[in-house]
Amino acid sequence: MDGPLTDNAGCPGRAVEWPASLLLRTAPVRRRTLARGPDSCRGSPGGRSEEQTERHSGVTMGTDDCSPVLKLSEVSGAQDDRFKALGQFFEKKYGQPPEFYVRAPGRVNLIGEHIDYCGYSVFPMAVQQDIVMAVRGVSKPTIALANMDPSYADFSCSTEKLSVERPSGSVPWSSYVLCGVLGVQEHCRLAALRGLQVAVSGSIPASSGLSSSSALVCAASLATLHANQVSLSKSEVAGVCAHAERYIGTEGGGMDQAICFLAKKGTAKLIEFNPLRAHDVQLPPGAVFVIANSLAEKNKAASSDYNCRVMECRLATQLLAKSRGLEWPKFRRLGDLQKELKLEFSEMVDMVRTVLHEQPYSKKEICSELGVTEQQLDEITLSENTRHIDQFLPYQRALHVFSEAGRVFAFRAVCESGGEDVLSRMGQLMNESHASCRDQYECSHELLDTICRIAEGVAYGARLTGAGWGGCTVALVPGDRVDEYINKLKTEFYARRPNAEGLDLDTVVFRTEPGDGAAIYV
């Protein structure tokens, strides 16, 4: 097992950023004939040889690190039935069978919420719920999309001058697919894309906090790469997908995409960024996680709340940097500032309490503190969909980030230390995380809080997972009390929710285990 993760200052949690050089290649990607093997990487990015492994933009690269190409015959059980149903749907829709399939899993973040975009490590695992795409390449320069769920409308567009419009309201499902396609095209400098016919089956509940949108982006990127006979390592395509979601205005940090590609069955992951690294963490015996959907939905790309939190952390970074006499416009993330100052988490918390005030900051006050006009602040710091906001809470957001980043490493240490009370200590950290998300980051929801209260006395701990404002909770439950906890939620929560009527509750509240990452099936 790897030792403690520290930056050069000895501070746990590296300050990270997807490097610009990773997001735009300096040379066209060379295409090669697809190798049909379960462990083969297809093509050779940037003209690298098949055997060559090199460092590229701080990310470990290598053709032995591509998403696997598996045999369709290896799919079994209920998943096999699902693949077959999707293939039949595809053939009925397009008049011919798909050439290949792509699977991209959802994820649950066990701890470490809203800190990846601040430069800190996270602790997710992939779940069994996923996005599966049936795909066929066509010579006609069009992308045709169909979904087995009839509530999602069909879509088609030309591959020539492909673009994704930033929505003013809810984001159509097709936009996430286009993000993945466009991300690959721009990153790999593909002058002409092969047309695609795509059919989708999804088992990840929408807006649940289990990363259904990112799974769509990741599946689309992998499908585009395979259809165009191009190969990227898991690390590189994860970076491409993280950047691609910004086409629709989501300022995420890369966790969802990283775990989607780097997940390994049976283990959770502690994920670092820049370079992107995933460390296997074996969960203690008896650790069982139960996911419960609050049935409160919120699309983070359709509101400014998510990006507002990103900007509040950015403003906290710049206000703190200015107080130390640093060139504040260069600092955009709290992790970068901590690395520069060479301070521990506790010292950063003290700094926040000393420099910032608890009361809301007006935009005018922030401009005065930084010595800029509102127009300059818009250009230097704020995203387009947050420039209308006039009040920010950098004090509270920064306190959450530093405390949550510390909990991630404490969680890993507890997992590895073992002991009779290991599960209780893990649960306590999860409870503390939820309290911070609720009180300091204000990203919880009354229904999420209700589920966490119901978990008391049965689970070791419970917390919201994902962006929040609805979606799911994750609870650490004793193995012999899983059924008790699930039944308790069904009677005390879901039976009182009108929007739960008629639902298959086994798809709404369920136990989960760490699953595999994205793969191609031929």
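**Close-up views of a cavity and a helix**

**View 1. The lining of the largest cavity.** Met133, Ile143, Leu145, Val177, Val181, Leu196, Val198, Ala220, Ala223 and Thr224 line the largest cavity. The model is a predicted one. The lining divides into 9 nonpolar residues, 1 polar and no charged. About 30 Å³ of space lies inside this largest cavity. The count of cavities of 30 Å³ or more comes to 1.

**View 2. Elements around the largest cavity.** Four elements, β6, α3 (173–188), β8 and α4 (212–227), each give at least two residues to the lining. The largest share comes from α4, with 3 residues.

**View 3. Helix α2 from end to end.** Helix α2 covers residues 77–94. At 1.5 Å a residue, its 18 residues should span 26 Å. The C-alpha atoms at its ends are 26 Å apart, which agrees. Just after α2 comes Gly95, with a positive phi of about 80°.

View 4. Asp80, Arg82, Phe83, Leu86, Gly87, Phe90 and Tyr94 are the buried residues of α2. Seen down the helix axis, these buried residues fall within an arc of 160°, so they line one face of α2. On the other side of the helix, Ala78, Asp81, Gln88 and Lys92 are exposed.

**View 5. What covers the buried residues of α2.** Strands take part in this cover, including β4 (100–111), β5 (123–138) and β6 (142–147). The cover also includes β8 (195–202) and β17 (519–521).

Methods. Residues numbered from 1 in each chain as written. Predicted model: local features only at pLDDT ≥ 70, side-chain atom pairs only at ≥ 80, totals over all residues. Heavy atoms only, no water. Expected span 1.5 Å × (residues − 1). Buried < 20%, exposed > 50% of the residue type's maximum accessible area, 1.4 Å probe, protein only. Arc of directions from axis to C-beta. Contact = heavy atoms within 4.5 Å. 1 Å grid on protein atoms, 1.4 Å probe; cavity = no way out; pocket = protein on both sides within 12 Å on 5 of 7 lines; lining within 4 Å. Points joined across faces, edges and corners; volume = space filled by probe spheres on them. Nonpolar A, V, L, I, M, F, W, Y, C, P; charged D, E, K, R; others polar.
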